[in-house]
Each structure stands twice: as structure tokens, then as C-alpha cells.
Amino acid sequence: RAMGNAASQASEQVGYRVLGVQANSPASACGLVPFWDFIVAADGVPLRTLDATFIELIQASEDKPLRLSVFNCKAGSSRELTLTPSRKWPGEGMLGVTIRFDTFHEAHDNLCRILDVEPGSPAALAGLQPLSDYLLGTAELVFKNPDALFGVVRQNLEVPLETYVYSTESDEVRVVVIMPSTQWGGAGCLGASVGHGYLHRLPSRCCNSLGKSSAGLCGALNSPFGMNGPSAAGVGAAGTAGPGAPGAPAAAAEPAAP
């Protein structure tokens, strides 16, 4: 029964993870926090299944306030936000937010802490800070453990890799471009050691806030649909891997203009 209850709980701990918010968009004034925030309901309708529900609610609320229920997995708290989907802004789409259907089950363990950085290494060149920086994931997947991290790193040798990084010093999520390489003159392809597990969770002082987005963090990173994908490649395509499999591609949450 315990296993069944755990599986049931995990299946309910899902929503649309916020990956980026475009400047001057309808969503930009709401205070959404990339990576930590999940949109779990819209207009009172739970978003626990990967289907067209969210897109349809956005379309039905064009130029009308839409109430969103948001869960922040860092603070473990929920809040209500209101935004107005609209095409009357300089960018494309109706929200200006990029999302991925994902799970926040045991999210406090889904990160890798930077422990040390070798001088002149790819990690050093990327500006990663030992002890205070945490590697969170990419637009496609979460770094659930070091194996997930280094699996991605090995697939991107000598290729710029955009990753989400959280700083305990600034309480900000930022985007860092790392160029994994075996040619930098030292050991490993990052030149950094990472920690994972209970001893390397976020400090308790960091879990009392929602976090914030660093300036300029907007749009989708490495998204196969670009910053604003068409409705055919929107929410329905964004999570074909399903909840609990954080490997689905990112997609824009808004339908394309007719």
C-alpha cells in the first residue's frame, strides 16, 4: 500500500514547469520564477494530464484575466496569480512564457551542487562558483543526479551547453553556457566536482523564498520549437514523455496567431 500511495502522490505532483518568461509579455509582470515554478491549475482546472486543456483555457481567456495556481518547488508553497492572455504586445504568442510538462516529486533532490572548480576548466570559463552554485538542468531534462548531468555533458562534448544554474548567494536562477571539453588540459570534461543527495540539498535559508530570475532570462533554451512554437507543437507535444519523465522538450504555452 505504501508503494501505491507513493506512486499516486507522484502522479499528482505534476504541472507545467516555467522555463522562461519573455520581457514585456503578459506573463512578465506576474513574478513567475524559472525552473522552480509549476503552473498546476488554470481557471480552477487542475493541469495533471498532458493534453490540450491549458491551450484551450488560454484561447478562451484572450484579453480576459486568467487565474493561475502556481506551486514553487523550492519554497514548497502555492500561490495564485492572474494574467491576461493577449496578442497585443510586441512579441509572439499570448502569454510569453515557455513551459514543459514535468513532475516536482522529490524536486529537492533533483540538483547537483558544484563543490570545486579547476582553474582554466570549462566550468571556470562558464563562471560556475564552488559551493554556492547548483546545476539544475536544461530545457529538456532535470539533473536528477550526477549520472544524468554527466550523461548530458558527454553528449555535448565541444558543443555549447545551456544549463539552468541556481545561486544560493543571489537566490537567482540564471542561464550558464558551458563548453564541455576533453581538450582543456585537465581531468574530466567539466573540470568540476559535484555533490548530490541529502548533504548537498539547498540550505534551509534558501527554502524560505520563491527565488528569482536573473536579468535577461527569457524564452526557451535548446527548445526544438524555438521561443514560441506553433500550437501543433505546443503543450501537447511538450510532454510526450509524460509526468515523472523529465525529458520532454520545452514548448511555448500559447497558441499561434491565426
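**Reading the backbone, the rings and the spaces**

Guide: L131 has a relative accessible area of 47%, so this residue counts as partly exposed. Please keep in mind throughout that the model is predicted. L131 is placed in the loop between α3 (122-125) and β8 (133-137).

Visitor: What is the phi of L131 near?

Guide: As a general idea, most residues other than glycine have a negative phi. The phi of L131 is near 75°, which is a positive value in a residue other than glycine. E158 also has a positive phi, of about 60°, although it is not a glycine; E158 lies in the loop between α4 and β9 and, with a relative accessible area of 41%, is partly exposed.

Visitor: How should I read aromatic pairs, and how many does the structure hold?

Guide: One looks at the distance between ring centres and at the angle between ring planes, and planes over 60 degrees apart count as edge-to-face. The structure holds six aromatic pairs. In one of them the rings of W36 and Y166 have centres 5.4 Å apart and planes at 80°, so this pair is edge-to-face. The pair links distant parts of the chain, since W36 is in the loop between β1 (14-21) and β2 (37-42) while Y166 is in strand β9 (residues 161-167), 130 residues apart.

Visitor: Are W36 and Y166 buried or exposed?

Guide: Buried means under 20% relative accessible area. W36, at 4% relative accessibility, therefore counts as buried, and Y166, with a relative accessible area of 0%, is buried as well. Elsewhere, ring pairs link Y16, F54 and F101 into a cluster, and the charged end of R17 sits over the ring of F35, 4.2 Å from the centre of that ring.

Visitor: Which residues of helix α2 are buried, and where do they fall when seen down its axis?

Guide: In helix α2 (residues 53-60), the buried residues are F54, I55, L57 and I58. Seen down the axis of α2, these buried residues fall within an arc of 165°, so they line one face of the helix.

Visitor: What volume does the largest pocket have, and which residues are the closest to its centre?

Guide: The largest pocket has a volume of about 220 Å³. It is lined by 16 residues, of which C73, K74, G76, A107 and H108 are the closest to its centre. The lining of the largest pocket divides into nine nonpolar, four polar and three charged residues.

Visitor: Which helix gives the most to the lining of the second largest pocket?

Guide: Helix α4 (residues 146-155) gives the most to that lining, with three residues. The second largest pocket holds about 160 Å³ of space, and of its eleven lining residues E140, V152, Q155, N156 and L161 lie nearest its centre. By class, the lining of the second largest pocket has five nonpolar, five polar and one charged residues.

How values were computed: Residues are numbered from 1 along each chain as its sequence is written. This is a predicted model: local features need pLDDT of at least 70, side-chain atom pairs count only at pLDDT 80 or more; totals for chains, interfaces and linings use all residues. Side-chain values use heavy atoms; hydrogens and water are left out. On a 1 Å grid over the protein atoms alone, a cavity is a set of points where a 1.4 Å probe fits but cannot get out, and a pocket is an open set with protein on both sides within 12 Å along at least five of seven lines; lining residues have an atom within 4 Å of a point. Grid points are joined across faces, edges and corners, and a volume is the space filled by probe spheres set on the points. Ala, Val, Leu, Ile, Met, Phe, Trp, Tyr, Cys and Pro count as nonpolar, Asp, Glu, Lys and Arg as charged, and the others, Gly among them, as polar. Helices (H or I, at least four residues) and strands (E, at least two) are DSSP runs, numbered from the N terminus. Rings of Phe, Tyr and Trp (its six-membered ring) pair if their centres lie within 6.5 Å; planes under 30 degrees apart count as stacked, over 60 as edge-to-face and the rest as tilted. Buried means under 20% relative accessible area, exposed over 50%, partly exposed in between (1.4 Å probe, protein chains only). A charge sits over a ring if NZ of Lys or CZ of Arg is within 6 Å of the ring centre and within 35 degrees of the ring normal. The arc is that of the directions from the helix axis to the C-beta atoms.
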